[in-house]
Amino acid sequence: MSADIKLLEQKAREIRETLGETVYKAKIGHVGSALSTVEILTALYFHTMNVSPSEPKLPERDKFILSKGHACSALYSALAVRGFFDKKYLIDNYVKNGSPLTGHINSFGVPGVEFSTGSLGHGLPIGIGLAYAAKLDGRKNRSFVLLSDGECNEGSNWEAFLSAPHYKLGNLVAIIDHNKIQSYGRVEEVMPLNPFAKKLEAFNWEVKGVDGHSIKELTEALDSFSYYGSQPHCIIAHTVKGKGVPTIENTVASHYWPLKDEEYRALMESCRK
Amino acid sequence: MRNAFIKKLEELAEQDKNLMLLTGDLGYMVLDDFKRKFPRQFLNAGVSEANTMGMAAGLAKDGKKVFVYSIIPFLTMRPYEQIRNDICYHNLNVTLVGVGAGYSYGNQGTTHHAVEDIGIMRIQPNMKVICPGDPVEAEKATEELYRLGGPGYLRLGKAGEKRLHQGNLDFRVGKAITLREGSDLTLIATGNMLETALDVAGRLQKEKLSSQVISMHTIKPLDLTTIYDAARNTGRLYTLEEHSKIGGLGSAVAEALTEYEGRAKLKIFGTQDKFFHISGTQQHLRELNGISAEQISESIKKDMAYSK
């Protein structure tokens with residue numbers, strides 16, 4: 001079924017707005033890393049994935065692993081907008097003492113989150129374990145793992161890239177949030193990945209490159225995959241770190257700094273258009 | 001010990017189709033039968049410990065009861081973060097089965113030796129740590145870890161260890177086993193030093209010293225009751241492990257004694273805080289560290305004579 005693009009774009013704006021409120025109130029960083037994931041999460045949670053906010057542990061659900069755990073404010077926001085918990089609960093409790101809404105994604109006490117991460121390179125092997133179990137048991141659950149590009153420096157990911165095609169995990173999708181900036185420099189300066197798509201194809205993945213902020217391209221790519229075949233899929237989503245706040249877009253700084261007042265205002269304005 | 005473990009695992013795999021065994025490309029001539037009998041429950045995940053451990057976590061999250069097998073340093077150190085963040089933090093049903101405790105791999109060299117593993121495993125919350133003293137304990141421990149669930153670490157020797165117990169052993173995780181009563185001193189041994197402890201007790205008997213011998217197979221949760229009883233009973237505790245003096249059984253007992261109201265003396269026999277850059281059999285390396293049966297006996301003899 002093809003996507004209702006206008007509706008999904010509206011959802012993306014709502015997620016970005018919730019994200020902005022959340023991180024601004026908490027005065028916490030990793031904002032740029034979270035902003036680049038919004039359309040990806042929208043496509044997954046509002047179009048592709050079988051999930052149930054009223055039944056977070058639905059046995060036949062699809063599972064999403066945020067391997068770039070520092071983008072948690074985006075996932076928490078997507079889950080809130082999707083209905084797993086209140087937006088107000090998120091905005092009021094993000095990184096508050098005693099709250100399960102920790103500064104890297106936490107699954108304990110947060111409905112809809114499958115696994116806690118925060119150290120890079122863990123998510124894809126976990127996604128592979130989930131997909132492997134489902135395939136072994138003949139279940140339809142699919143696994144979706146979102147990685148950052150900097151995270152692809154980690155050797156564990158390449159172990160994972162080697163193994164998934166061997167295990168014929170057609171029910172697995174890895175999405176790379178390729179915003180071209182890692183935490184202390186541009187990807188091309190620190191540890192270049194190119195030719196990235198060619199590398200992954202050489203590892204026997206099906207690879208699609210998309211504009212990571214185009215709901216149309218994301219949903220078309222996700223719709224095109226054969227989920228019950230034997231080849232795992234990778235979407236290289238070309239994104240902009242800090243997307244939604246023009247003054248912080250494409251900067252290393254956006255990895256770190258909380259939103260300034262004027263940045264928050266600019267973000268809210270763009271979301272409410 | 002390896003064979004006792006895998007035989008028990010085969011029994012469990014027969015009854016529970018959700019039991020899975022992952023190996024890091026090791027197990028030639030050890031895991032062959034399991035692989036043949038339970039192909040869907042077996043996976044050689046290759047020389048990729050990080051991916052293997054992450055997969056184990058994913059499988060366990062999805063309802064499998066996972067055993068991961070490898071040589072101890074590769075099993076416990078390479079994917080240590082995965083063990084901590086994915087398995088222990090999420091309290092998942094994953095049992096790590098390590099072979100080659102201490103110097104079991106002898107002349108293969110330091111990369112294959114395991115003298116830090118008890119320390120690094122017991123410091124993780126939720127991780128049970130068991131070092132069976134003989135094949136009977138190994139078999140029982142396998143079953144108990146499966147039954148209890150959650151993260152676990154089973155530290156095996158290699159092959160050919162002597163059976164020190166009868167088959168109908170009452171084995172419980174966290175409950176030490178007294179193999180021999182004694183009144184002058186207590187030998188608390190773990191893993192492949194249990195046999196040595198019995199040897200030492202025999203030698204000391206000739207010197208008119210009566211040794212209690214305890215198998216402290218479970219380092220975590222530690223059997224505090226048995227330790228305090230021994231402290232009350234003999235007041236002279238000697239721990240034996242093929243592991244660094246830092247962080248292992250001896251350290252755990254020392255920590256326990258800080259809470260002991262009475263008086264007791266503790267001496268730790270373990271490996272030195274140094275790397276050996278030479279080749280040696282298990283016996284040779286034990287001797288270099290002063291933990292052969294003969295060396296331990298001599299040391300205790302002097303110790304006990306000095307204090308009298």
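Helices (H or I, at least four residues) and strands (E, at least two) are DSSP runs, numbered from the N terminus. The notes below use those labels.

1. Basis. This is a predicted model, in which local features need pLDDT of at least 70 and side-chain atom pairs count only at pLDDT 80 or more, while totals for chains, interfaces and linings use all residues. Residues are numbered from 1 along each chain as its sequence is written, chains are lettered from A and ligands numbered from 1 in the order in which they are written, and side-chain values use heavy atoms, with hydrogens and water left out.

2. Lys168(A) sits in the loop between helix H7 (155-166) and S3 of chain A. Its phi is near 55°, a positive value in a residue other than glycine. Further along, the peptide bond from Asn194(A) to Pro195(A) is cis, with omega near 0°. Pro195(A) belongs to the loop between helix H8 (187-190) and helix H9 (196-202) of chain A.

3. Sheet of chain A. Five strands make an open sheet with parallel pairing, in the order S1-S2-S3-S7-S6; two strands pair if DSSP finds at least two bridges between them. At the edges are strand S1 (63-66) and strand S6 (206-211) of chain A, each of which pairs on one side only. Neighbouring strands are turned by 20° against each other on average, direction ignored. Within this sheet, strand S3 (residues 172-178) and strand S7 (residues 233-238) of chain A run parallel and are joined by six bridges. Ile175(A) stands opposite Ile235(A) in S7(A).

4. Helix packing in chain A. The axes of helix H3 (residues 38-48) and helix H10 (residues 215-224) of chain A come within 9 Å and cross at roughly 50°. H3(A) is therefore oblique to H10(A). Axes here are lines fitted to C-alpha atoms, for helices over the stretch in contact, and angles run from 0 to 180 degrees between N-to-C directions. Angles under 35 degrees count as roughly parallel, over 145 as roughly antiparallel, 65 to 115 as roughly perpendicular and the rest as oblique.

5. Sheet of chain B. An open sheet of seven strands has mixed pairing and the order S2-S1-S3-S4-S6-S5-S10 in chain B. Strand S2 (42-44) and strand S10 (218-220) of chain B are the edge strands, each pairing on one side only. From one strand to the next the twist averages 20°. Strand S5 (residues 128-130) and strand S6 (residues 152-155) of chain B run parallel, with three bridges between them. Opposite Val129(B) stands Tyr153(B) in S6(B).

6. Cis bond in chain B. The peptide bond from Lys220(B) to Pro221(B) is cis, with omega near 5°. Pro221(B) lies in the loop between S10 and helix H9 (224-233) of chain B.

7. Pockets. The largest pocket has a volume of about 370 Å³. On a 1 Å grid over the protein atoms alone, a pocket is an open set of points with protein on both sides within 12 Å along at least five of seven lines, a cavity is a set where a 1.4 Å probe fits but cannot get out, and lining residues have an atom within 4 Å of a point. Its lining has 25 residues, of which Thr110(B), Val115(B), Glu116(B), Lys274(B) and Phe275(B) lie nearest its centre. By class, the lining of the largest pocket divides into ten nonpolar, twelve polar and three charged residues. For the second largest pocket the volume is about 280 Å³. Of its 17 lining residues, Ser116(A), Arg84(B), Asn85(B), Asp86(B) and Tyr89(B) lie nearest its centre.

8. Cavities. A search of the whole structure finds three cavities of 30 Å³ or more. The largest cavity holds about 60 Å³ of space, and its lining includes Tyr45(A), Met49(A), Arg61(A), Asp62(A), Lys63(A), Phe84(A) and Glu114(A). Six nonpolar, two polar and four charged residues make up that lining.

Note on methods
Points joined across faces, edges and corners; volume = space filled by probe spheres on them. Nonpolar A, V, L, I, M, F, W, Y, C, P; charged D, E, K, R; others polar.
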